[in-house]
Amino acid sequence: MKEAIRANKGFIAFLLLFGIFRTAVADWNPIPSASMRPNLLEGDVVFVNRLAYDVKIPLTDISLARTGEPRRGDVVTFSSPKDGTRLIKRIAALPGDTVEMRGERLLINGRQAAYTVLGNSTERIDTLGELAALHLREHSSEASYRIQVLPQVTAMRDFGPVTVPRDSYLMLGDNRDNSGDSRVFGTVPRALLIGRAEGILVSADIQGNWAPRTERIGMSLRSQ
């Protein structure tokens, strides 16, 4: 064993450094579900900046220093406060905000977001088949991004009002009627944030023929 370690110490050092890099500096996150359509598709792999908000001790949630503040509209990865599962959603509300939804429309501190219709598409849900999907642009305070709604689906279109606690954030999926988010598991403490999703590294049609979706490579998530 000692001989094997000595002979491969360079490779072992590389693996250790790579592990530290991925758990403390940068990471990637595959998209397994439709909860962030239309901006993220199943089969996308996103680049995650782990230093966007905090420097943490590797493999822990212990912050050594804050490097930035999460903003409304950021797409972030985090550990679910319910069961620890890694999720990716959009920050809809910040600490101290009072949030509610009425008939699918988001209200922050009593101000209703503005909406622009972008177009139509379809989404296939196994138990329901092909459904009509409506794409909208949601303008909420300084944030503006695309969302999708599925009018034929029974969903939680009314929510709150709730006030976001200190150092916590309210998360929503962009696919509003097909997302398990803060409407289900509550607000997310800052300590559970992993990082900010910056862009798409690679993408493949995992629901079809696994062909690469080259047009999605390099797409920024900060301009959605």
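Modeller: Let us start with F47, which lies in strand β2 (residues 44–49); strands are DSSP runs of E, at least two residues long, numbered from the N terminus. The model is predicted, with local features requiring pLDDT of at least 70 and side-chain atom pairs pLDDT 80 or more, while totals for chains, interfaces and linings use all residues. Residues are numbered from 1 along each chain as its sequence is written, and side-chain values use heavy atoms, without hydrogens and water.

Biologist: Why does F47 count as partly exposed?

Modeller: Buried means under 20% relative accessible area and exposed over 50%, with partly exposed in between (1.4 Å probe, protein chains only). F47 counts as partly exposed because its relative accessibility is 31%.

Biologist: How is a nonpolar core to be read, and which residues of the largest one touch the most other members?

Modeller: A core is a set of buried Ala, Val, Leu, Ile, Met, Phe, Trp, Tyr and Cys residues joined through side-chain atoms within 4.5 Å. The largest has 16 residues, of which A93, V99, L106, L170 and L172 touch the most other members. Strands β6, β7, β8, β12 and β14 each supply at least two of its residues, and β12 gives the most, four.

Biologist: What is the strand order in the open sheet of four strands?

Modeller: Two strands pair if DSSP finds at least two bridges between them. The order is β9-β8-β7-β13, with antiparallel pairing. The edge strands, β9 (111–112) and β13 (159–163), each pair on one side only. Two bridges join β8 to β9, and L107 has Q112 in β9 as its bridge partner.
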